[in-house]
Amino acid sequence: MAKTNPLTFIQQVRSEVSKVTWPTRRETAVTTVMVFIMVMIAAIFFLLADQLMSWGIGLLLGLGN
């Protein structure tokens with residue numbers, strides 16, 4: 001692999017960074033809220049799944065009330 005001097009490397013990095021499409025503040029906020037909503041939905045789903053499996057295993061083992 002050919003060696004690149006530091007100045008050329010920095011110029012290449014700046015060139016690549018300028019090609020990036022950065023999200024707006026609003027897009028970032030909406031995406032953040034959506035992530036939190038999905039985390040809450042996943043947490044509730046796994047809580048319910050865990051409770052259901054716990055109840056079912058308790059019935060199978062004769063530990064249920």
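Which residues form a nonpolar patch on the surface? The legends below begin with that patch and refer to a predicted model.

**View 1. A nonpolar surface patch that includes V17.** The patch is formed by F9, I10, V13, V17, V20 and W22. Together these residues have about 590 Å² of accessible area. V17 is one of the residues in helix α1, which covers residues 6-18. With a relative accessible area of 42%, V17 is partly exposed, and patch members need over 30%.

**View 2. The salt bridge between E16 and K19.** The closest N and O atoms of E16 and K19 are 3.2 Å apart. This separation counts as a salt bridge because the cut-off is 4 Å. A search of the whole structure finds one salt bridge. E16 is partly exposed, at 47% relative accessible area. K19 has a relative accessibility of 56% and counts as exposed.

**View 3. The aromatic pair F45 and F46.** One aromatic pair is found when the whole structure is searched. The ring centres of F45 and F46 lie 5.1 Å apart, and the ring planes are at 75 degrees. The pair is therefore edge-to-face, a class that applies to planes over 60 degrees apart. F45 is exposed, with a relative accessible area of 52%. F46 is exposed as well, with a value of 56%.

Key. Residues are numbered from 1 along each chain as its sequence is written. This is a predicted model: local features need pLDDT of at least 70, side-chain atom pairs count only at pLDDT 80 or more; totals for chains, interfaces and linings use all residues. Side-chain values use heavy atoms; hydrogens and water are left out. Patches are made of residues with over 30% relative accessible area and no salt bridge: like charges are joined within 9 Å, nonpolar side chains (Val, Leu, Ile, Met, Phe, Trp, Tyr) within 5 Å. Accessible areas come from the Shrake-Rupley method with a 1.4 Å probe; for residues, only the protein chains shown count as cover. A salt bridge is a side-chain nitrogen of Lys or Arg within 4 Å of a carboxyl oxygen of Asp or Glu. Helices (H or I, at least four residues) and strands (E, at least two) are DSSP runs, numbered from the N terminus. Buried means under 20% relative accessible area, exposed over 50%, partly exposed in between (1.4 Å probe, protein chains only). Rings of Phe, Tyr and Trp (its six-membered ring) pair if their centres lie within 6.5 Å; planes under 30 degrees apart count as stacked, over 60 as edge-to-face and the rest as tilted.
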